[in-house]
Amino acid sequence: MKVPRLRTVLLAVGIFFVLMAAGSPWIVSSFWRARSSNPVRRGIARAEELGCFRCHGDLGRAGIPIPGSDEGVPAWGGSVWMMYVKNEDDIRRFILQGHATDGQGEGHDHGADDHDSGPDAIVMPAYEEFINAGELDDLVATFKVLSGMVGPPRGTPARAGFDLS
């Protein structure tokens with residue numbers, strides 16, 4: 001009677017190891033995906049899904065040309081952001097409403113009237129209906145980092161690399 005029990009135990013252990021081997025890539029990738037998740041990475045992924053980089057360029061580095069204009073869609077970096085946003089509230093309004101005014105004349109609306117007429121106009125879309133509060137926070141953090149509006153804390157290796165670039 002001991003032999004059948006031993007076979008059952010060995011079979012169960014064998015099945016367990018086969019299942020672990022089959023599931024381990026998923027387990028490992030899930031672990032590292034969760035471990036490396038942060039607002040900026042999530043914001044970049046969501047910005048890619050929303051198509052932000054189709055107009056603002058790869059990681060917001062260079063906007064596409066605006067037809068019939070000498071200007072292009074604003075890049076996020078190179079201090080261009082200073083002409084469009086003053087603070088985090090302006091960034092939020094741009095993402096949610098497509099412009100930085102709050103409906104009562106407060107904020108910046110630089111450039112909104114310059115390019116929103118004509119058949120070839122490129123207008124910043126409003127994403128208010130497409131994102132939730134957490135995604136908005138992630139997109140704001142992403143913009144702030146990619147634009148250079150904020151940098152890593154001083155005295156860290158990340159800041160040393162930031163200062164070199």
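Student: In this predicted model, what makes the pairing of Arg93 with Asp90 a salt bridge?

Tutor: The closest N and O atoms of Arg93 and Asp90 are 2.8 Å apart, and since a salt bridge requires a side-chain nitrogen of Lys or Arg within 4 Å of a carboxyl oxygen of Asp or Glu, the pair qualifies. Arg93 and Asp90 are 3 residues apart in helix H4, so about one helical turn separates them.

Student: Which residues do salt bridges with shared partners join into one network?

Tutor: That network consists of Glu88, Arg92, Asp137 and Lys144. Within it, the side chains of Glu88 and Lys144 meet at 2.8 Å, N to O, and this pair links distant parts of the chain, with Glu88 in helix H4 and Lys144 in helix H6, 56 residues apart.

Student: Why is Arg46 called buried, whereas Glu135 is called partly exposed?

Tutor: Arg46 has a relative accessible area of 16%, and because buried means under 20%, Arg46 is classed as buried. Glu135 stands at 23% relative accessibility, which falls between the limits of 20% and 50% and therefore counts as partly exposed. These two residues form a salt bridge, their closest N and O atoms being 3.1 Å apart.

Student: How do you know that the side chains of Asp138 and Arg42 are joined by a polar contact?

Tutor: The contact between the side chains of Asp138 and Arg42 spans 2.9 Å, and the cut-off for such a pair of N or O atoms is 3.5 Å, so the distance meets the criterion. Asp138 lies in helix H6 and, at a relative accessible area of 11%, is buried.

Notes: Residues numbered from 1 in each chain as written. Predicted model: local features only at pLDDT ≥ 70, side-chain atom pairs only at ≥ 80, totals over all residues. Heavy atoms only, no water. Helix = DSSP H or I, 4+ residues; strand = E, 2+ residues; numbered from the N terminus. Buried < 20%, exposed > 50% of the residue type's maximum accessible area, 1.4 Å probe, protein only. Polar contact = N/O pair within 3.5 Å; in protein donor to acceptor, adjacent residues only side chain to side chain.
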